[in-house]
Amino acid sequence: IIITILIAVTIALIFSLQTVPRSILRKVKLRTPVNNIADENIVSMPTPPIGKQRRYLRVLQITGDDFFEMGRFLAIGAFLAAVLQTIIPQQIILNAGHGPLNSVGTLIIMAVLLSVCSNVDAFIAFSYTGVFPTGALLAFLVFGSMVDIKSVLMYRRLFRDRVTAYIILLSLLMVLVITTGINYFAGW
């Protein structure tokens, strides 16, 4: 969490130095409104009070929904970790990820190619705890949550292409430096 926050804040500070902050954003064509309702014509209706019993039932309903939604990701993560461990021969992964820098690079590539949800990343990283050093596992978790196929598409929709490239490269460089340093200091 600390590494992710450090990288995110550093990138935000770098972009905050822009003299024209709007220049990093894509120009968006605004759609014309479908109907021209003035704001003063919209009346906000107060919501009726909910009894204690209905609140508790609502809490249980939301908890159950979240449990089953996260359970789905848990099952997907366990499945992907098992598939990766079974299909890809362990020796190939060990050879590709040998050394403090290569191990970080291998898991960064895997994080981008897999592009799974950060809930699933933890299961995949856990399945490689005996194979890769701590820094490489952190690189997988940190870079995978910041840059994957879905987030690149989102970045491109909001930011100009050059800014998107800078975000990706800055994230990559900082993850490489920090996690490779962790590998060296942890005694790879």
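Mentor: On one side of helix α1, I2 and L13 are exposed. Keep in mind that this is a predicted model. The helix runs over residues 2–16, 15 residues in total, and at 1.5 Å a residue it should span 21 Å.

The buried residues in α1 are I3, I7, I11 and F15. Viewed down the axis of α1, the buried residues fall within an arc of 95°, so they line one face of the helix. The general rule behind such a pattern is that an α-helix has 3.6 residues a turn, so residues three or four places apart point the same way. As for what lies over that face, the cover of the buried residues of α1 includes α6 (134–146) and α8 (161–185).

Helix α8 deserves a stop of its own, and T164 is found in it. T164 has a relative accessibility of 3%; the cut-off for buried is under 20%, so T164 counts as buried. Not counting residues up to four places away in sequence, T164 touches V152, Y155, R156 and F159. With one of these, Y155, there is also a polar pair: a polar atom of the T164 side chain lies 3.4 Å from the backbone oxygen of Y155.

The other cover helix named above, α6, spans residues 134–146. Neighbours within four places in sequence aside, A111 is in contact with F140, G144 and D148. A111 and I149 are 38 residues apart along the chain, and their C-alpha atoms are separated by 9.7 Å.

Last, the whole protein. Its secondary structure consists of eight helices and zero strands, and the order along the sequence reads α-α-α-α-α-α-α-α. Among contacts with a separation of 6 or more, 83% are between residues 24 or more positions apart. Of the 188 residues, 29% count as buried. The accessible surface comes to about 13400 Å², and carbon and sulfur atoms account for 69% of that surface.

To return to your helix: α1 has I3, I7, I11 and F15 buried, while I2 and L13 are exposed on the other side.

How values were computed
Residues are numbered from 1 along each chain as its sequence is written. This is a predicted model: local features need pLDDT of at least 70, side-chain atom pairs count only at pLDDT 80 or more; totals for chains, interfaces and linings use all residues. Side-chain values use heavy atoms; hydrogens and water are left out. Helices (H or I, at least four residues) and strands (E, at least two) are DSSP runs, numbered from the N terminus. The expected span of a helix is 1.5 Å times one less than its number of residues. Buried means under 20% relative accessible area, exposed over 50%, partly exposed in between (1.4 Å probe, protein chains only). The arc is that of the directions from the helix axis to the C-beta atoms. Contact means heavy atoms within 4.5 Å. A polar contact is a pair of N or O atoms within 3.5 Å; within protein, one must be able to donate a hydrogen and the other to accept it, and residues adjacent in sequence count only if both atoms are side-chain atoms. Accessible areas come from the Shrake-Rupley method with a 1.4 Å probe; for residues, only the protein chains shown count as cover.
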